[in-house]
Amino acid sequence: MRRVLKSPWPETFIMILVTVLTYTAMTTISFVVEPPEGGMATGTVVGWLFAFFILSLVIALLAVLGGIGGGVMFTPVMLAFTPVDSLIIRGTGLIVAMFSGLISTGPFMRSGLANMRISVFLCCGFAIGAFTGANGAILVAQHMGAAGEGFVRLILGVILFTLALYFIFGGKKIEWPQVDKADNFTEKLQLRQPFYEPSLNKVVDYGLKRSRWAFLCIVGVGLLSGFFGLGAGWAIVPAQNLVMGVPLKVAAANSGVLLGMGDCIAVWPYIMTGAIIPIFAAPWLVGQVLGGLLGAIVLIRVKAGFVRYLLIGFMIFSCWGLVTRGLAGLGYIKPVPHWMTGIVFAIIFSWVLYNVIKMLKAKD
Amino acid sequence: MDSDRPIMPKGQIVYGEVVYYLTVVSCLVCIVGPLIALIDPEDNVMNPYFTFAAIFQGHSAQEVWTIVGGGFPGGHFWMDNFFTGDGFTQFGLALGCTSAGFALIVAAVVYAFEKIYLYTGFCLFVSAFIFLAASGLVQF
């Protein structure tokens, strides 16, 4: 009983209660209130709000299960398969990425898994990159019109495909990197912070190196995150792990903290130009926060590697949509017919199914 | 490695707690905001009954604001429209999007008390960057 009175339970209960009451009230309104002339039916508006919330919740839960950030799912899928303006999607994508990071910050900081010093040091670089990237996105949108939209989709499609390959083949990661000698600059920063690792039942102290190179890498990652409205955990984790020698678990926790902190900068150019429309962005925000909390409480111990394949499948399918829409937007090809997209979907998800079955059989 | 659990630095704990609870408050505001917008749709900067249609027609952000709201009133329109549905929701968004800035100021104070001036500086730098971005003063 006492456990239920401790964070995160009370705030999670309150948020669930308020959400249920709010959506019940909205549903009631949809039966009572007449829409203004020429406007959408009240039920349709409530339906969109509810659908966005549920989709965001599902993305957040799948992100916890699959170990892939929510932001990297939201932006490509929306850009590939909806007619919504790319700047609105990228701005909302940053909201999705940053709020899943912000809500995980508290628990990571309390447990000591995240290292505030590394996070805030790297965030100085991320801030510069992300702010420049976000302003660049707005400049491109304002001056390049339809060609800019096509260009953004095409480049994001290529990035996403590279990313999907990285997720399939795993990439090189080192759980406990060995650091024999730290450089003077890293030593002066005093970034080291021992933490208790429950799986080892030990306090782990770790050495660090090459922090100035990691800083430079993070400037580039920030640029990418701000421009495309993506969460960039997939790049922040290897930059810390492989360049600086941060243990993998700490690097993953720092990545959440860093995204929450850094995207607080990247998101503002979007807000100040009106690319974040409050009633459109709010349900996505709520879904990420609630999904992140529920995921951390309920699903954190569930190992569901097969979800990873599902997410990778969605990423590759989004690549198809992004590249074809990008090329069509630039006038290089005609819009792709739906039957062809259907065939691509069937091929990709047959591959996903094959891998899931293979994985489940291997477990048995 | 030893078996004594290390005590986490105060600056770290304080930062985590401030960000976490500001995010929760921001989320609660964003849950309730759209409901207020639907209860009195006329009393909004953008009437929600027309907003989604404009977004899904593929209009740019500026066009959506112009078509539905008569023009974009600025990122901090919530200050003049706090009691409207979308103004209140925008306040929730603004609060969440500056939560790290407020938390970093508190963390900087803690680091300063502990005489860890390098990290006081880093915290203040990032915090200043957040508020500078939020002010809209620097745009390319």
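## Contact between the chains

In this predicted model, 68 residues of chain A are in contact with 71 residues of chain B. On the side of chain A that touches chain B, at least two residues come from each of these elements: helix 1 (9–32), helix 2 (42–66), helix 4 (86–111), helix 5 (116–169), strand 1 (195–197), strand 2 (202–204), helix 9 (248–272) and helix 10 (278–299) of chain A. Sorted by class, that side of chain A holds 52 nonpolar, ten polar and six charged residues.

## Confidence

The scores for the model are ipTM 0.95 and pTM 0.90. Chain A has an average pLDDT of 86, and 95% of the residues score at least 70. Within chain A, helix 1 has the highest confidence, at a mean of 93, and helix 11 (residues 305–329) the lowest, at 81.

For chain B the average pLDDT is 92, with 96% of the residues at 70 or above. Helix 4 (residues 85–113) of chain B has the highest confidence in that chain, at a mean of 96, while helix 2 of chain B has the lowest, at 91.

## Overall form of chain A

Chain A contains twelve helices and two strands. Read from the N terminus, the order of its elements is α-α-α-α-α-α-β-β-α-α-α-α-α-α. Chain A is as compact as a globular protein of its length, because its radius of gyration of 21 Å is close to the 21 Å that the globule rule gives for 364 residues. The C-alpha trace of chain A spans about 70 × 60 × 50 Å along its principal axes.

Of the 364 residues in chain A, 54% are buried. Among the contacts in chain A with a separation of 6 or more, 81% are between residues 24 or more positions apart.

## The largest nonpolar core

The largest nonpolar core has 165 residues, and the members that touch the most others are A:Ile95, A:Ile265, A:Val267, A:Leu285 and B:Val126. Helix 5 of chain A gives the largest share of this core, 21 residues.

What is A:Val267 in contact with, leaving aside its neighbours within four places in sequence? The contacts are A:Gly91, A:Leu94, A:Ile95, A:Met98 and B:Cys97.

## Local details in chain A

A:Pro8 lies in the segment before helix 1 of chain A, and a cis peptide bond with omega of about 10° joins A:Ser7 to A:Pro8. A:Thr28 is in helix 1 of chain A. A:Thr28 counts as exposed because it has 11 other C-beta atoms within 10 Å. Between the C-alpha atoms of A:Thr28 and A:Gly43, 15 residues apart along the chain, the separation is 9.4 Å.

Two residues other than glycine take a positive phi: A:Gln190, near 50°, and A:Arg210, near 45°. A:Gln190 is in the loop between helix 6 (184–189) and strand 1 of chain A, and A:Gln190 is exposed, with 12 other C-beta atoms within 10 Å. A:Arg210 is in the loop between strand 2 and helix 7 (211–228) of chain A. A:Arg210 has 18 C-beta neighbours inside 10 Å, so A:Arg210 counts as partly exposed.

## Helix 2 of chain B

Helix 2 of chain B covers residues 48–56, and its buried residues are B:Pro48, B:Tyr49, B:Phe50, B:Thr51, B:Phe52 and B:Ile55. B:Gly58, just after this helix, has a positive phi of about 85°.

Technical notes: Residues are numbered from 1 along each chain as its sequence is written. Chains are lettered from A and ligands numbered from 1 in the order in which they are written. This is a predicted model: local features need pLDDT of at least 70, side-chain atom pairs count only at pLDDT 80 or more; totals for chains, interfaces and linings use all residues. Two residues are in contact if their C-beta atoms, placed from the backbone, lie within 7 Å. Helices (H or I, at least four residues) and strands (E, at least two) are DSSP runs, numbered from the N terminus. Ala, Val, Leu, Ile, Met, Phe, Trp, Tyr, Cys and Pro count as nonpolar, Asp, Glu, Lys and Arg as charged, and the others, Gly among them, as polar. A nonpolar core is a set of buried Ala, Val, Leu, Ile, Met, Phe, Trp, Tyr and Cys residues joined through C-beta atoms within 7 Å. A residue is buried if 20 or more other C-beta atoms lie within 10 Å of its own, exposed if 12 or fewer, and partly exposed in between; C-beta atoms are placed from the backbone. pLDDT is the predictor's confidence in each residue, from 0 to 100. The radius of gyration is taken over C-alpha atoms; the globule rule is 2.2 Å times the number of residues to the power 0.38.
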